[in-house]
Every structure is written in structure tokens, then in C-alpha cells.
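This report covers helix packing and a metal site. The sequence and structure come first.

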Amino acid sequence: MSTLEIKDLKVQVQTEDGPKEILKGVTLTIKDGETHAIMGPNGSGKSTLAYSVAGHPRYEITGGTVTLDGVDVLTMSVDERARAGLFLAMQYPVEVPGVSVSNFLRTAKTAIGGEAPKLRTWVKDVNGALDRMNLDATFSQRSVNEGFSGGEKKRHEIAQLELLDPKVAILDETDSGLDIDALKVVSEGVNRFRERDGKGVLLITHYTRILRYIKPDHVHVFVAGRVAESGGPELAEELEANGYERFLAAVPSGV
Amino acid sequence: MTVTETAESAVRSALEVDRVESHLNPPASYDLADHPVPTGREEVWRFTPLKRLRGLLDGEASAATLTRETTLPAGVTLSEISADEAVALGELGPNDRPAALAAANAGGALLLDVPAEAVVAEPIVIRLTGESVDDLVWGRLLYRIGAHAEVTIVLVHTGSVRYSALSTFLVGDGAKVNVLSLQDWADDAVHLGRDAIRVGRDAFVKHTSISFGGDLVRMHANVEYAGPGGEAELLGLYFADEGQHLEHRLFADHNAPKTKSHVVYKGALQGKGAHTVWIGNVLIRKIAEGIETYEENRNLVLTDGCQADSVPNLEIETGEIEGAGHASATARFDDEQLFYLRSRGISEKEAQRLVVHGFFNDLIRKVGIPSIEEQLLETVEAELAKNVLKVSADVEGA
Ligand SMILES: Nc1ncnc2c1ncn2[C@@H]1O[C@H](COP(=O)(O)OP(=O)(O)OP(=O)(O)O)[C@@H](O)[C@H]1O
Ligand SMILES: [Mg+2]
């Protein structure tokens, strides 16, 4: 079972001109086994939503709640959230020089599983997960994300998704910057994850092409810090055809 | 990790005057009168807390010694020689007062001899251990490495003492030498060390200085070249805790054409009053055409109340160089790195440890002495454990 419930979430960041509200009351529930897609124009707050749920210190929660299976997530530290079952595939994965992928993955798996994974099967699991993402075995000896191409970074995120096996995954533009083959590889990875029991996925994207591979149950249009409209997969088709104009028109200017 | 990244290859314009001496490093002299007691205002002393030198600026000869344990592979000899013999062998003279005092007060010198063409697989290990900080010890060491010899020399300093040492490495043509000096002193030790290296024609020298312990450690690593084609790689790693002063002063004197110097020093600081100093002086003389030099110093500041001084100096007297560059950066933990690691379930402390390990990792691998690498990683780990404990204590007290 895994339900991520976001209720009336309000988030601000500190800027030179004082606090700036970015999320203005986001409500979204991802039930057991569901995949939700969020689409919205640049700067509408999609990454802010993802980071806020993951607990990035830059984002200050000013209202609302986030729960995972009924448990308050917002009072947890970043790593506690991950151990509780949240995973964020980042739009811009961070380089960690001198820390090998293999050391990083083992440390993360140990933290999440509460004990060190069995060496023999673990090495096989890691190599398998990398291989399925078309990352050859040498990647495990390289420093985390250092010198990885944009596409390699994204595939590395999905390899982690497979290995760390969270309850709910938030994928922030994992499809951006991927060529067609990589897009397929990544989609297959996400779909393998979805096939596992009761996994939730929140997929942030600008493009409908990934939704042809990963079929969402729900699509949300995200505009100016809130969900402007929710619907089924057909909503994505409408966005593809008409853009965001209809939704932007409804937003008061200056926001 | 980009707080104060200075511009790379910020190169000073070539000077017209053909100076024999450089202001970057005082001229060598055995005469104490040439090295007056510093006031602390001198360029070469301005970062050093003189009070804490405790007798090393004006001390007398003493009967105290360091306990010496050596591992000497076959073919390598260690012997005692007189001061005159040291000079006759081509010792590189002292450039500052403590080094001149070491020469004056040490009595004789210790000579390590590696014959020409000897290829010594096993490291030569010299362990020097101090008894007590009440002891004032003067050291004078000469390393003579014959032409085309290949050798690794490891010096390990432990225990407690006030120690000033003058060391000279005379590296023969075509030789390959790897030197590591580990300062793993007890908390109250004071150590002033001057390592000067003369790199033979087409020889390669790697010199690594690693400082963890001691109240005050100030190490010089000076390089000059006996002919063209010589190459020096100067590495350093330091980890300063509360109240510690760790200073590393480099001087690469490109006095011959087609020579290379490559300097990488990395340090971490934690705790109130932890102070590190890195001075990277490079002089490219008029004659030194076609040389390459690069120097880099990176500092990672783990807590408040620390200070990392980092001063690269490039003085260029010829326009005909292959490449010259430097980089210096001092930074705190990168929040984005920590967030990324923590978002994978890794605790804050564990994430910090990973980042620091990562910071030092590539450098430790470069040292190229497998038997030491593991020990270095463990020492970094032990240093970090202090910080981790401290951080949690601070949080509780807050
Ligand atoms: N530290 C900050 N200071 C000022 N503004 C910020 C800060 N962080 C985020 N913002 C602003 O918040 C808004 C939302 O940013 P966010 O990254 O969440 O958008 P997004 O929907 O993910 O956009 P994209 O599609 O381009 O990835 C943007 O206007 C951004 O400039
Ligand atoms: Mg975004």
C-alpha cells in the first residue's frame, strides 16, 4: 500500500526582495498503484512541488500537509523521507566528486534497507540495473554523476529507482534531454517499477511523448503554483494540441 | 564547491630584470646573521603564530633526539655524516632561521644513500617519534638518490616534540622518486620542516606532505632542477582541528628549461581556531623556456570558526612557457550535494563523510603508495569522527 496525499500545500522561497510564494495551495492524491502526470509551463512550480515533498531546505512550507500512508512527511528530515519510501528523480542530478556510484548505491541501499545488502546478489543487482539503463559496468566505478552526459544522469536516476525500490517516485522531467532510445529505456525502467505491487508515480513532464510509453491514470495541468485542471490521458492530448493558453488566460496577470 | 575560485592562469606579466634571487624565497645561507629573528611582519612569517614556535627561533643545541625506526631494503644505506660532508655533498642550504638553526645545532647529518640504478620495490620507511614537547630536537637529513634509481621513501612523524629539520633530496638524472612525509604528531607537537629537492635531468619526483597532528606544523617543499626535463609532482593533504595551525609552503623554482611542476594540495578544517595556510610560489626564470606548471589548493571548511589562507604566486620572467596556471578555492559543504545524498536515505552525517572522503579520495589515490593509502583513508575517517561528534554536541547545546 502507498498513498501520497498532498493537501493545500503552500510553499515560499526567500529571495533578495523577501519571501516569494511559489506554491499557492496544491492538492493532489496519488493512490495505491497510480501514475499521475503533471504538465505545466516553465516556472509554474513543478520542481518546487517535487523538492518540497522531498524536503529540500530551500523551500519553506507555509501551509498544508503532505502524508505518506497517513504519516506526516513534512516533519521528517530529507533522509527520513527517503527511508519512509519517497524517491525523487531530479531534473538536474548533482555531481558528487570522488564518491563512486557503487559506494553511493551501497550506502543508500544500506540506509534504506536498514542493513547492508548481501554482497553477492547486490553486485549482480547493481550491474543488472545499470545494464538495463544501458550504462556499462564502468559506471559503478565513476564518481556520482561527474562527467555524465545529461542523458546518462537521467538513466542513472532510474537505475537508482529500480535498486532503492521506494513506495512513491516523483520523476521531475526525467524525459527531458533524452534521445528516442534513451526515452524507451527509461520508460521501460519506470514501467518495471510500476509493475511492482502498489507503487505510486508522479511524473512531471513537458512532453506527451513519454506518456505514450508510460500511461498515466491521471493528468494534471499545473499553472502558477496550483493544479488548474485534472483529467485523464485525454487532457495531455488537448495540451499537446492547444498548449496552455486556455489555462493561462484564467490566471490573473502579474503572477 | 565554488566560493572563491580565483581565475585560472592569472599570470603576472614578465619582468625585465633578470633577478638571480626571488623575493618568493629568501636566499639560502648557513649564517644565522642572514636570518634575523622574525617579528611576524615579514612576508614569509606573517601567517605563522610565532609565539607558538616555542624556542625554535632561538633555541640551542640539545641532547634530545627522536627515536628512529627504519626499514631499509637491501642496497640502501643510512649513515651519519658530518656537517661539512653534508655541505660538500651538495646540501641545499637553509632559507629561514629555524632551518639554519637546525643546520647549526644538529651536530652532523643523516645520509640516506640509494645507489645509481637501484630499483627498490619495497618502500624505505623512517619512523621518527618524539618523547615529549619539552624536548627541542634539530634534524638534518640528506637523501642521495643515484641516477636512474627508483625508490619510495616514507617518513612518519609521531609523538610529541619541538622539532626543526633541514632535509635535502638530491635526485640523480633519470631517477624516479616518491617521497611521503606524514605529520601525525600528538596535539602539542611543533614541527618546522624544510624539504628541498634538486631534480636531476629527466628525473621524476613525487613529494607528498600530509599533516594531521601537531599544535603547529609548518612545512616547506622546495623544488629546483639540476637540468632540463625534470618533473616534480607536489601533493599535500591536511586536516586541521580546533586550535591547530598547519602551514604548507611550496616553492617551485623553474631554473632550467623544459621542466615541470604540478602542485595539488587539499585541506579540511574543523573546530574553533583551526587555521591552515597554503603558499604556492612558482618562479619561472628567464632561462626556463618551455616549462609547464600548475598549482591548485582546495580547502573544505567543515565548521564555523576556521580560517584557510591560500596564496598562489606565479612569477614569470620568460614569455616562452608551455603552460602556467593555478586555482585556489575555499568552500563549505555544498548543500546540493548533501541534499542529493540525503534524498537517497543517507543520513546527514554519513552524507558529510561521503563528501569529505570524495574530496580527498583522488588525492590519496595519487600518492601511489598502496600500503599507506588505506591508513590515510582511516585517518581521514578518524578525523571526521571528531567533527561528527562535535556537530551533534553543538546541536544538543543549541
Ligand atoms: N530561490 C529562488 N528565488 C527566486 N525565485 C525562485 C527561487 N526558486 C524558485 N524560484 C521561482 O519559482 C518559480 C517556480 O520554479 P520551478 O523550478 O518550481 O518551476 P518549474 O515548473 O519546475 O519550471 P521548469 O518547467 O522550467 O522546470 C520560478 O519562477 C522560479 O524562478
Ligand atoms: Mg522544473
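A crossing is called left-handed if the near helix is turned anticlockwise from the far one by less than a right angle, and right-handed if clockwise. Helix 3 of chain B passes helix 4 of chain B in a right-handed crossing. The contact (heavy atoms within 4.5 Å) involves B:Gln337, B:Leu338, B:Leu341 and B:Arg342 of helix 3, and B:Glu348, B:Ala351, B:Gln352, B:Leu354 and B:Val355 of helix 4.

The model is predicted: local features need pLDDT of at least 70 and side-chain atom pairs pLDDT 80 or more, while totals for chains, interfaces and linings use all residues. Residues are numbered from 1 along each chain as its sequence is written, chains are lettered from A and ligands numbered from 1 in the order in which they are written, and side-chain values use heavy atoms, without hydrogens and water.

In chain A, helix 3 also passes helix 5 in a right-handed crossing. There A:Val101, A:Phe104, A:Leu105, A:Ala108, A:Lys109 and A:Ile112 of helix 3 meet A:His156, A:Gln160, A:Leu163 and A:Leu164 of helix 5.

| Helix pair | Axes within | Crossing angle |
|---|---|---|
| Chain B, helix 3 (residues 335-342) and helix 4 (residues 348-367) | 9 Å | roughly 120° |
| Chain A, helix 3 (residues 101-113) and helix 5 (residues 150-164) | 10 Å | roughly 35° |

Axes are lines fitted to C-alpha atoms, for helices over the stretch in contact, and angles run from 0 to 180 degrees between N-to-C directions.

The magnesium ion (ligand 2) is coordinated by A:Ser47 (OG) and A:Gln91 (OE1), at 2.0 to 2.3 Å; donors are N, O and S atoms within 2.8 Å of the metal (3.2 Å for Na, K and Ca). A:Ser47 lies in helix 1 (residues 46-54) of chain A and A:Gln91 in the loop between strand 6 (86-89) and strand 7 (96-100), 44 residues apart. Helices (H or I, at least four residues) and strands (E, at least two) are DSSP runs, numbered from the N terminus. Both A:Ser47 and A:Gln91 are buried, that is, under 20% relative accessible area, with exposed over 50% and partly exposed in between (1.4 Å probe, protein chains only).
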